[in-house]
Amino acid sequence: MALIVYRCFLYATWIFYAVLNDLSADVAVALQQALERISVEMVFRSLYFFNRALLQNPQLQLIPWLVEHQRSMGLVKAIGQRHRRNASKSLDIWAEALT
């Protein structure tokens, strides 16, 4: 019996993460950002706030609402100084090949 419950929990977790990753990909496309720049955790956390807004206005759509509130929800990850520095070095190395 415990094995069945464990398997159901495992499958439910996989399905949940598959749906969450698909939602994050849709947000990335709508925001015209790379998927790596979208915070999956913040997309998950914003679902609570969308649910609260949906109670006020049943006509709301999820993706447009997330795009509208992406700054306050923190959906796009900030680019750190180290990442900018690495990108600059990479561009210096590969500049000739890219032109």
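The discussion below goes from the whole chain to single residues.

Mentor: This is a predicted model, in which local features need pLDDT of at least 70, side-chain atom pairs count only at pLDDT 80 or more, and totals for chains, interfaces and linings use all residues. Residues are numbered from 1 along each chain as its sequence is written, and side-chain values use heavy atoms, with hydrogens and water left out.

Trainee: How many helices and strands does the chain have?

Mentor: Helices (H or I, at least four residues) and strands (E, at least two) are DSSP runs, numbered from the N terminus. The order of elements from the N terminus is α-α-α-α-α. The count is 5 helices and 0 strands.

Trainee: What radius of gyration does the chain have?

Mentor: The radius of gyration is taken over C-alpha atoms, and the globule rule is 2.2 Å times the number of residues to the power 0.38. For a compact globule of 99 residues the radius would be near 13 Å, but the chain has 19 Å.

Trainee: Why does the end-to-end distance of helix 2 agree with its length?

Mentor: The expected span of a helix is 1.5 Å times one less than its number of residues. Helix 2 (residues 40–56) has 17 residues and should therefore span 24 Å, in agreement with its end C-alpha atoms, which lie apart by 25 Å.

Trainee: Against which helices do the buried residues of helix 2 pack?

Mentor: Buried means under 20% relative accessible area, exposed over 50%, partly exposed in between (1.4 Å probe, protein chains only). The buried residues of helix 2 are Val43, Ser46, Phe50 and Ala53. Their packing partners are helix 1 (2–31), helix 3 (62–68) and helix 4 (70–73).

Trainee: Is leucine 31 buried or exposed, and which residues does it touch?

Mentor: Leucine 31 lies in helix 1. Because its relative accessibility is 16%, leucine 31 counts as buried. Not counting residues up to four places away in sequence, leucine 31 is in contact (heavy atoms within 4.5 Å) with Ile38, Val67, Gln70 and Val76.
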